[in-house]
Amino acid sequence: MPSKTASATAAPAPPLGRQRRGWPRPQGTLATRGLFFAVLLGLSVLFIYPFVWAISASLKPREHVFDNRLIPEVWQPSNYTEVWDIAPVLTWFLNSVYIGVLAAATVTISSAIVAFGFAYFRFPGRNALFGLVLATMMLPAAVTMIPVYLIWNELGLVNTQYPLWVMNLFGSAFYIFLLRQFFLGIPRELFEAARMDGDNFFTMFWRIAMPLAKPALVVAFIFELQASWNDLMRPLIYLRDDALFTLPLGLKTILDSFGQGGGGEGDYQIIIAALVISTIPMIVIFALFQRYFLEGIATSGRKG
Amino acid sequence: MTSGSTTPALGPRERAQRWASGFRKRETWAAYAFIAPWIFGFLVFTSGPMVASFILSLTDYSIIEQTSYVGRDNYSELIHDPKVRKALANTLIFTVMLVPATMIVALGLAMILLRVGRAGGFFRTVFYLPQMTPPVAVAILFLLFFNGSFGVINRGLELLGLPGPFWTTDPSWVKPGLVIMSVWSVGGTMVIYLAALKSVPQQLYEAAAMDGASSWRRFRDVTLPMISSALFFTFIILTISGLQAFTEAYTAFFGLGSESYSSEAALFYVIYLFRQAFEFFRMGYASALAWLLFVVIMVVTLIQTKLSKRFVFYYGDKK
C-alpha cells in the first residue's frame, strides 16, 4: 500500500515497551555538559523557528508577511476567517478527519486479525505467506498505482472518497508485521486458558489478544492516521470535486491559486493560515500520543 | 516450520504428505480464515495489478483512446526519452544528498541528546515535532523560507555577508534547498538511532576508556559497529523513500500553472510517472516507467545489502 516505507530486512525489533526507556546519566565536567546543553538549545531554536514564524506570519497583513518579525507589528487574525470564506476549508478539514479515522480504524482492525492468524497458528504455508507479506513492503506503490486506479474507475468510484480507505479493510504489510511481533510476545497459556473456558478462536482473539495489544494497536492507528492526513498523491488521483478534497489537496489548491505562480497575487498570509490549520491537528495528536509515536518508531523502525 | 530436527530426514514425498496433512486440521482452516482479508487484498490490489501493470506496459493504453499492443515500444521509448534521463538523474542526485545528510544530522542529534541526562527527553520532543508537519506544508514553508529575494534564509545569509542563491528558481540550487528542508524532519531517524545508542552496553565504553581509547576511537570502534544494523536499516529505508520522493517537490514546483523553467530541476522520477499517467493519460508508458523504477530500487537495495555484509556487525548471536 502506498505511503509506507519499511523493509523486509528489518533490524531486530523487540516487542513494544521492552526497550530501555531511561536516559543515561550525564557525563563529563560541568563545562562540557553546559556546552552540550547550549548546543541543544541553539538547535532547538532552529527546529522550532519555522513553526513560530508560520503562526506569526498567519496573523500578519499581507505586506508584513516577510518582515520576519516573530511578533506581528500589525495583528490581522481575520486571515483565519478569510481563509474559511474563500475556500471550503472546514469541509476539507472534516473530510480529512473522516477519511483519516476510517482509514486508521479499518487498517488497525484488519491488520490485527491477519497478524493474529500469523502469530497464533501453525499451518502449512505460513512462512511462505508471511514472507510474501514482508516482500510487499518493498514494492514501490507506483507499480500498482495505475491498475488499482483502473479498478476503481471500472467500479465507477473515481471521484469518491472510497479509494482512500477501502483498501485498508484488507490489512497492510507494515502493521501486520508490527502487530504480529506484539502478539508473539503474549504468553500462550493465556490463550490455552481461554480455549478451556470455551472461547472459539475468534472470541479468544477479540477478548484476550486485542485488549492486551492495545499499545501496538494505538501505534498502528496513529501511524495510519498521520499517513492518511499527509497523503497528497491519492487524493490527487481520485478526487475531482473540491467538496471531496482532503486538507493536503486543498492546501495545494490554495497555494496554486493564491501563490504567485498560478496568477495569484501572492496572498501568502492566507496560504500560511491554511498551512497552520492543516498542521495543528497533527501537533495535538503528537502531544497526546507522544510515547506511542516515539516507541513505535524506535521498535519498528518506521520513519514517519 | 517444524520440519524435523530430531526425526530422521524424510523423503520429499513424505514431507509433502505431512505438509498437506496439515490441511485436515481445523486449526489450519481457522488460520486461513484469519489471514483471508490479506490474501484477498494481495490478489486484488497487489499481485493482480502487478500482472496488469506489466501487460499495460506493452500497450498504449490511455483510457480515452483505443488500445493496441505495442510490444517493447514503451521500453525503447523510455530509454531514449531525455526527460526520463533527467528525472532519473534528479532523483539520484537528490537521494545521494538526502541520505547522508539525514543520517549524519540524525546521529549527531541523537549523540548529543544522550549527554544531557533527563533533559534529553524534552529536546527529543522538540526535534521530533517537524516530523508531524504534513509534507505539503513543508513544501510551502520551503517556498517561503528559501525565496531568493525575501526568504528568511537569504536574509540570514545576508547578515553574515554571504550572497544567498535563488534557491527556488536557480536549477542548480533547487535540490540542495529541498534536501535542507527535508533534513528539518529528521526526527524519525534520530529516534531510531537513540534507541540503538541506548542499547550499546556501557561496559564496552568503560573497557575502551581503560585501554586509553580516545573519544574518536571509541566512536569509530565501539559506537559505529554497535549501531551498524540501525544505520544500515535507515540507510535502506531513506534510500527507498528518496527514490520515490514526490509530495514536497510536486507541491512546490508542479500543478496548476505553477510551473516554471526551474521545475525541470525538481522533476523527480515519480512526478514524471504520475504526470504521464494522470495528466497526459499515457498509462501504458507510465506502467513501463513504473517497472523501470521497480528495477532501479531493487538493484540499489541489492547493492546496499551486499555492502552491508561487509560493514554491519551483529552483537551476540543473530538468529
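**Figure 1. Overall make-up of chain A in the predicted model.** Of the 304 residues in chain A, 57% are buried, and the coordinates shown here and in the views that follow come from a predicted model. Chain A holds twelve helices and zero strands, so that its pattern, read along the sequence, is α-α-α-α-α-α-α-α-α-α-α-α. Among the contacts in chain A that join residues at least 6 apart in sequence, 71% are between residues at least 24 apart.

**Figure 2. The largest nonpolar core and the surroundings of F116(A).** The largest nonpolar core comprises 210 residues, and F116(A) and F183(A) are those with the most contacts inside it. Helix α12 of chain A, which spans residues 268–300, gives the most to this core, with 17 residues. Chain B takes part as well: because its domain 1 (12–56) and its domain 2 (75–311) both give residues to the core, the core lies between these two domains. When neighbours within four places in sequence are left aside, F116(A) is in contact with F121(A), F183(A), F191(A), M204(A), F205(A) and A209(A), and also with F34(B) from the other chain.

**Figure 3. The interface of chain B and chain A.** At this interface, 105 residues of chain B are in contact with 107 residues of chain A. The area buried between the two chains is about 9,700 Å², and carbon and sulfur atoms give 79% of that area. Helix α2 of chain B (residues 26–56) gives the most to the side of chain B that touches chain A, with 21 residues. The count of salt bridges between chain B and chain A is zero, whereas seven residue pairs, both partners at pLDDT 80 or more, are found in polar contact across the interface.

**Figure 4. The two domains of chain B.** The domain assignment divides chain B into domain 1 (12–56) and domain 2 (75–311), and the C-alpha centres of these domains lie 37 Å apart. Their contact takes four residues from domain 1 of chain B and four residues from domain 2 of chain B. Between them the two domains bury about 420 Å², with 62% of this on carbon and sulfur atoms. No salt bridges are found across this domain interface, and one residue pair, both at pLDDT 80 or more, is in polar contact there.

Figure 5. Over all chains, the whole structure has 14 salt bridges. One of them joins the side chains of D67(A) and R69(A), with an N to O distance of 3.8 Å; D67(A) is partly exposed at 26% relative accessibility, and R69(A) is likewise partly exposed, at 41%. Both residues belong to a network of salt bridges that links K60(A), D67(A), R69(A) and E73(A). In a further pair, the side chains of R207(A) and D199(A) meet at 2.5 Å, N to O. Here R207(A) counts as partly exposed, with 48% relative accessibility, whereas D199(A) counts as buried, at 10%.

Figure 6. The side chains of K252(A) and D256(A) form a salt bridge with an N to O distance of 3.0 Å. Both residues lie in helix α11 (residues 247–258) of chain A, where four residues, about one turn of the helix, separate their positions. Since buried means under 20% relative accessible area, K252(A) at 3% counts as buried, and so does D256(A) at 8%.

Note on methods: Residues numbered from 1 in each chain as written. Chains lettered and ligands numbered in written order. Predicted model: local features only at pLDDT ≥ 70, side-chain atom pairs only at ≥ 80, totals over all residues. Heavy atoms only, no water. Core = buried A, V, L, I, M, F, W, Y, C linked by side-chain atoms within 4.5 Å. Buried < 20%, exposed > 50% of the residue type's maximum accessible area, 1.4 Å probe, protein only. Helix = DSSP H or I, 4+ residues; strand = E, 2+ residues; numbered from the N terminus. Domains from an automatic or database assignment. Contact = heavy atoms within 4.5 Å. Buried area = accessible area lost by both parts, 1.4 Å probe. Salt bridge = Lys/Arg side-chain N within 4 Å of Asp/Glu carboxyl O. Polar contact = N/O pair within 3.5 Å; in protein donor to acceptor, adjacent residues only side chain to side chain.
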